[in-house]
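Visitor: I am new to this structure. Please walk me through its rings, step by step.

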Amino acid sequence: MGDDDGTADLPGRATPAGVSDATVDALGALSEALETTERARGHLYTFHQLTGEADLALGDAVAKLRTAGHDDVADRIAEDLVGRNVVPGHWTFQLVEEYDDGYWSTFREHERRAREELAGGVRHLFEARMKQDRRTHGRPGHEATPVRTD
């Protein structure tokens, strides 16, 4: 397949025989939903790290309150808030682990299985078709595949 032939499939990422446009569209929607879940997971990790940073900073604030002579306030905060669960029984690392082992892993498995069953496992068929359609064939910077220089 040449770079300028204008065919629907991206070179090296052909739609398997028998896979309909509707199936490519449906798998693209499933992939997009998974990508949104990946973004949510990233935010969950950000939440995890920021909450941990806040707890460490809170410990520093408690120490400064003690240094400033406010032991009663420092004790109240240290006993009630430093190291507190963010939801009953859970620190954020436990939320991350449950999300990863449950919802996220299950979502990824369903997406992979659907791709395997419906498109021979080929990833990003929808996006590959979009690239082939939107790029300017034959123009530098719009190549279908990476240009080898070796």
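**Aromatic rings and a histidine**

Guide: Start with histidine 90, which counts as buried at 19% relative accessibility. Buried means under 20% relative accessible area, exposed over 50%, partly exposed in between (1.4 Å probe, protein chains only). This is a predicted model: local features need pLDDT of at least 70, side-chain atom pairs count only at pLDDT 80 or more, and totals for chains, interfaces and linings use all residues. Residues are numbered from 1 along each chain as its sequence is written, and side-chain values use heavy atoms, with hydrogens and water left out.

Visitor: Which residues is histidine 90 in contact with, leaving aside neighbours within four places in sequence?

Guide: Contact means heavy atoms within 4.5 Å. Histidine 90 touches Asn85, Leu95 and Glu98 in this sense, with neighbours within four places in sequence left aside.

Visitor: How is a pair of aromatic rings described?

Guide: By the distance of the centres and the angle of the planes. Rings of Phe, Tyr and Trp (its six-membered ring) pair if their centres lie within 6.5 Å; planes under 30 degrees apart count as stacked, over 60 as edge-to-face and the rest as tilted. The count here is 3 aromatic pairs. Tryptophan 91 and phenylalanine 93 make an edge-to-face pair, 6.5 Å centre to centre with 80° between the planes. Tryptophan 91 is partly exposed at 39% relative accessible area. Phenylalanine 93 is partly exposed too, at 37%.

Visitor: Why is the pair of tyrosine 103 and phenylalanine 107 edge-to-face?

Guide: Their planes lie at 75°, with centres 5.8 Å apart, so the pair is edge-to-face. Phenylalanine 107 is buried, at 16%. Tyr99, Tyr103 and Phe107 form one aromatic cluster.
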